[in-house]
Amino acid sequence: MLNSVRIRLTLWYTAAMAIVLVILAGATYLVLRQNVVRRADANATELADSFLATVNAELGDASKPDSVDDGISAAISEHRFRDVLFVVFDPQGDFLGATDAHSLPGHWASPTREMLVASLRPLVQVSQAFRTIYIGDREYRGYVRHFSIDQQEATLFVLQSLHRQNEFLETLASTFGIVIPLAILLAGAGGYLLAKRSLSPVVTMGAQASRIGSENLHKRLQVQNPRDELGHLAASFNELLDRLNQSFDRQRRFVADASHELRTPVAILCGEAEVTLAQEKRTEQEYRESLHILREEAKRLKHIVEDLFTLARADAGQHPLALSDFYLDELVAECSRSVRTLASAKQIKVSCETSAELPIHADEELLRRMLINLLDNAIKYTPQGGSVSLRCAEGDGQYRLTVEDSGQGIPVELQPRIFERFFRADKARSRGETGSGGAGLGLTIAAWIAGAHGGKIELTKSTPEGSLFTVFLQKTSL
Ligand code: ADP
């Protein structure tokens with residue numbers, strides 16, 4: 001049950017509400033109770049003053065008896081209030097007088113003189129002015145006042161019954177006892193409905209999301225209110241679906257293009273083998289020619305498979321960089337030497353200019369592959385007798401590698417696409433001229449290698465007079 005957010009929200013909300021209500025009710029009760037006591041105490045002080053003033057007045061009246069006891073009796077008979085008792089003791093604890101509660105109309109069942117004496121005599125000597133006093137089972141707010149008239153000491157008790165106030169407080173407490181649980185119940189039910197209503201879009205989104213799979217990745221969640229939090233969540237989820245869909249599309253295209261590229265050399269291999277085997281007898285020369293074709297196509301197939309493998313690992317972020325310290329100028333010179341044989345077959349002149357001692361911390365094998373891809377393209381797309389130049393220099397805190405050729409260049413409208421996978425400006429020319437045309441992956445891999453080293457590659461210029469590719473690499477000293 002606690003696994004439901006709706007229930008958890010309701011419980012939290014109800015618990016918070018219950019705590020607030022209980023604290024509020026408790027505080028109200030205590031404040032009212034304190035108020036009752038404070039008012040009773042103020043009242044008692046006034047009554048005591050008035051009582052003693054009456055005693056004094058009685059004694060000062062020449063026409064009346066002048067003993068203190070008579071004065072007290074007169075004051076007692078004058079001070080008759082509902083719910084208030086006046087009791088007087090002398091300092092020895094002898095009872096001097098008390099209002100007769102029985103004679104008061106509508107008075108509560110008053111305590112007997114014995115009960116008053118038994119409860120109040122022990123308090124005659126106390127100095128504390130206000131205190132709660134129990135007589136029988138009834139609670140009184142008592143005020144103890146010691147006074148002296150005509151050298152006669154006495155103690156006055158003003159006792160106020162808090163019965164009616166207590167009854168009111170009890171009624172209040174029992175009202176709280178009914179209203180608070182009811183309010184908590186209502187709040188709980190309201191909270192539950194509110195949580196259910198607020199979370200219903202999440203439930204709907206969950207149901208919609210569970211119906212989206214690879215076969216219907218184009219579907220999207222409904223955004224009820226794009227401005228609220230759930231709307232943001234749905235929008236983020238839809239953006240995620242967009243990215244996934246694009247990634248799926250890329251993967252599908254990649255697989256389709258890869259199969260297409262692999263089909264051609266495989267078809268050539270099969271066809272060549274079948275043609276050779278169709279005739280029973282062939283000369284050694286014919287067999288050699290066939291084997292030569294088979295080897296070239298197998299090489300091309302191997303090359304494509306290696307490129308595909310590299311890209312697949314790069315996409316999955318699983319192509320580790322084997323970093324080491326070496327000199328870039330040495331690698332550049334080595335690469336230019338290694339393509340000379342290929343270039344001389346087309347009478348292409350390869351030149352190499354590089355600054356000395358360019359230390360770098362990088363993956364040597366990958367940088368070699370990037371350079372060979374660029375040089376290979378330069379030679380492949382440059383006609384007989386042309387030239388290719390490779391330069392390497394340091395500047396602005398980075399290394400700049402350029403590969404320039406005197407080939408026929410790339411049409412302007414196709415230039416932005418040359419780093420795309422499987423893109424070839426002219427498929428027939430790619431395969432035709434060298435017989436080992438690529439699958440359109442060379443520049444993609446070169447761009448990935450530059451990026452993996454924190455650098456970049458760009459086509460700086462390409463005209464019918466030639467192309468210039470520039471690689472920027474982070475300079476890291478040995
Ligand atoms: P490929 O294996 O076909 O050479 P690349 O990814 O290396 O694939 O190159 C993509 C396309 O870019 C090539 O098919 C070619 O059309 C064009 N290209 C690349 N380098 C050059 C260049 N130096 N001169 C002219 N065109 C080039």
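This is a predicted model: local features need pLDDT of at least 70, side-chain atom pairs count only at pLDDT 80 or more; totals for chains, interfaces and linings use all residues.

Colleague: Why is the pair of Phe-51 and Phe-86 called stacked?

Modeller: The ring centres of Phe-51 and Phe-86 are 5.1 Å apart, and pairing requires centres within 6.5 Å. Their planes lie at 10°, and planes under 30 degrees apart count as stacked; the pair is therefore stacked.

Colleague: What makes this pair a tie between parts of the chain that are 35 residues apart in sequence?

Modeller: Phe-51 belongs to helix α1 (residues 5-60) and Phe-86 to strand β1 (residues 84-89), so the pair ties these parts together. Both Phe-51 and Phe-86 are buried. Ring pairs also link Phe-51, Phe-81 and Phe-86 into a cluster.

Colleague: Why is the pair of Phe-419 and Phe-469 called edge-to-face?

Modeller: Their planes stand at 85°, and an angle over 60 degrees counts as edge-to-face. With the centres 6.5 Å apart, the pair is therefore edge-to-face. Phe-419 lies in the loop between β10 (398-405) and α10 (427-432), and Phe-469 in strand β12 (residues 466-474).

Colleague: Is Phe-469 buried or exposed?

Modeller: The relative accessible area of Phe-469 is 8%, and buried means under 20%, so Phe-469 is buried. Phe-419, at 24% relative accessibility, counts as partly exposed.

Colleague: Which residue lies over the face of Phe-472?

Modeller: Lys-456 does, at 5.3 Å from the ring centre; the distance limit for a charge over a ring is within 6 Å.

Methods:
Residues are numbered from 1 along each chain as its sequence is written. Side-chain values use heavy atoms; hydrogens and water are left out. Rings of Phe, Tyr and Trp (its six-membered ring) pair if their centres lie within 6.5 Å; planes under 30 degrees apart count as stacked, over 60 as edge-to-face and the rest as tilted. Helices (H or I, at least four residues) and strands (E, at least two) are DSSP runs, numbered from the N terminus. Buried means under 20% relative accessible area, exposed over 50%, partly exposed in between (1.4 Å probe, protein chains only). A charge sits over a ring if NZ of Lys or CZ of Arg is within 6 Å of the ring centre and within 35 degrees of the ring normal.
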